[in-house]
Amino acid sequence: MSTISLYDYDGICRMDFGALVCGVDEAGRGPLAGPVVAAAVILPPDARFDGLNDSKKLSEKTRRRLFEEITQRALAYRIEAVDADVIDKINILQATLLAMSRAVAALSPQPDLVLVDGNQLPALPDGCTGRKVVKGDATSACIAAASVLAKVSRDAMMGELALKYPGYGFEKHKGYPTRAHYEAIWEKGPSAVHRTSFLKNLEQKHAPKSPTHKQEIGRFGEEAARQALLRDGYTILEQNYRLACGEIDLIAQKDGVIAFVEVKTRTGASREKPIDAVDYRKRQRIVNTAAQYLRSHRGHPVRFDVMEVYVSEREGGLQLLKTRHVKHVFAYDINTMKPIPYV
């Protein structure tokens with residue numbers, strides 16, 4: 001459906017019901033975590049927005065631009081969120097309708113007609129007429145505008161929750177059920193903003209894949225490295241510290257120095273030296289991740305190390321042969337955030 005027809009639909013509604021036509025839409029019914037968000041918006045009859053469409057069909061940049069334009073030019077708008085704990089108590093459908101109802105009730109002036117995306121109407125204030133519009137965000141300009149407000153607002157909320165609950169990847173998947181999200185829940189457990197009613201049968205449906213033999217060796221090596229550092233008097237600050245830009249196997253501290261430790265494990269069958277696997281690209285990812293960590297851990301000298309772990313494979317399983325802690329493998333330029341190999 002063309003953009004012009006979005007405005008034509010609303011124009012017909014204004015002729016039939018009055019000038020104040022409100023669009024209502026939601027974002028976040030399907031995620032495992034975070035709130036469901038609803039927006040209600042009344043647009044001026046002559047308002048036109050370049051590229052306005054269903055928010056799911058728009059780029060993030062376009063959504064943000066439209067968000068600013070819509071909120072500046074709307075006659076009235078309201079954004080309401082219902083949190084995960086309420087979703088668990090009353091179910092996602094009722095939580096969505098509740099958010100929609102609150103958004104419409106808070107509008108001033110009150111609309112003559114409320115166009116709601118989907119096949120359910122929320123409770124509306126006295127005097128408000130409601131109309132269900134299936135695929136409304138591709139039919140009505142007001143609903144499309146509401147979909148943009150709801151989507152952008154919820155994405156921003158999930159970005160804030162990513163800072164409060166790191167390690168789940170909220171900033172990337174926005175709480176939706178991706179494989180990485182499920183594995184984070186398995187590793188860390190649900191957070192306070194996860195919808196527990198959405199996590200039923202998680203073990204049966206979304207158990208992480210069994211580790212490969214290579215992964216088993218890697219995990220064995222990381223644990224051996226951790227134990228070696230502990231024996232040497234280090235405090236382990238983080239293990240498998242993950243961000244979007246990369247991962248650091250171990251973050252340890254001793255004598256006030258923070259060491260970012262890459263663990264490389266090799267069996268007797270491997271000819272490559274473990275330290276040789278930490279190439280420039282790997283070092284760059286480590287530096288980028290370390291820089292993010294240091295934002296909240298300022299004032300400490302830092303070091304980039306490699307822990308080499310050698311193991312043998314026998315009938316009884318893996319056996320540790322030796323570990324070697326290589327310190328100061330590389331430095332980094334604080335201005336360019338690029339690794340500088342030691343000579």
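User: Which element supplies the largest share of the lining of the largest pocket, and how many residues is that?

Analyst: Helix α7 does, with eight residues. Before we go on, note that this is a predicted model, where local features need pLDDT of at least 70 and side-chain atom pairs count only at pLDDT 80 or more, while totals for chains, interfaces and linings use all residues. Residues are numbered from 1 along each chain as its sequence is written, and side-chain values use heavy atoms, leaving out hydrogens and water.

User: How is empty space found, and what counts as a pocket or a cavity?

Analyst: Rolling a probe the size of a water molecule over the atoms shows where empty space is left. On a 1 Å grid over the protein atoms alone, a cavity is a set of points where a 1.4 Å probe fits but cannot get out; a pocket is an open set with protein on both sides within 12 Å along at least five of seven lines, and lining residues have an atom within 4 Å of a point. Points are joined across faces, edges and corners, and the volume is the space filled by probe spheres set on them.

User: What is the volume of the largest pocket?

Analyst: Its volume is about 1,900 Å³. The lining holds 50 residues, and the closest to the centre are Glu187, Asn240, Tyr241, Arg242 and Glu247. Elements that each supply at least two lining residues include α5 (141-164), α9 (213-231), β6 (235-243) and β7 (246-254). Helices (H or I, at least four residues) and strands (E, at least two) are DSSP runs numbered from the N terminus.

User: How does that lining divide by class?

Analyst: The lining of the largest pocket has 15 nonpolar, 16 polar and 19 charged residues. Here Ala, Val, Leu, Ile, Met, Phe, Trp, Tyr, Cys and Pro are nonpolar, Asp, Glu, Lys and Arg are charged, and the others, Gly among them, are polar.

User: What about the second largest pocket?

Analyst: That one has a volume of about 210 Å³. Of its 16 lining residues, Glu26, Ala27, Ser55, Lys56 and Tyr176 are the closest to the centre. Helix α5 provides the largest share, four residues. By class, this lining has two nonpolar, three polar and 11 charged residues.

User: How many cavities of 30 Å³ or more are there?

Analyst: The count comes to one. The largest cavity has a volume of about 30 Å³, and its lining includes Tyr7, Asp10, Arg14 and Ala141. Helix α1 (residues 3-17) gives the most to that lining, with three residues. The lining has six nonpolar, no polar and three charged residues.

User: Is Cys13 buried or exposed?

Analyst: Buried, with a relative accessible area of 1%. Buried means under 20% relative accessible area, exposed over 50% and partly exposed in between (1.4 Å probe, protein chains only). Cys128, at 14%, also counts as buried, and Asn91, at 39%, is partly exposed.
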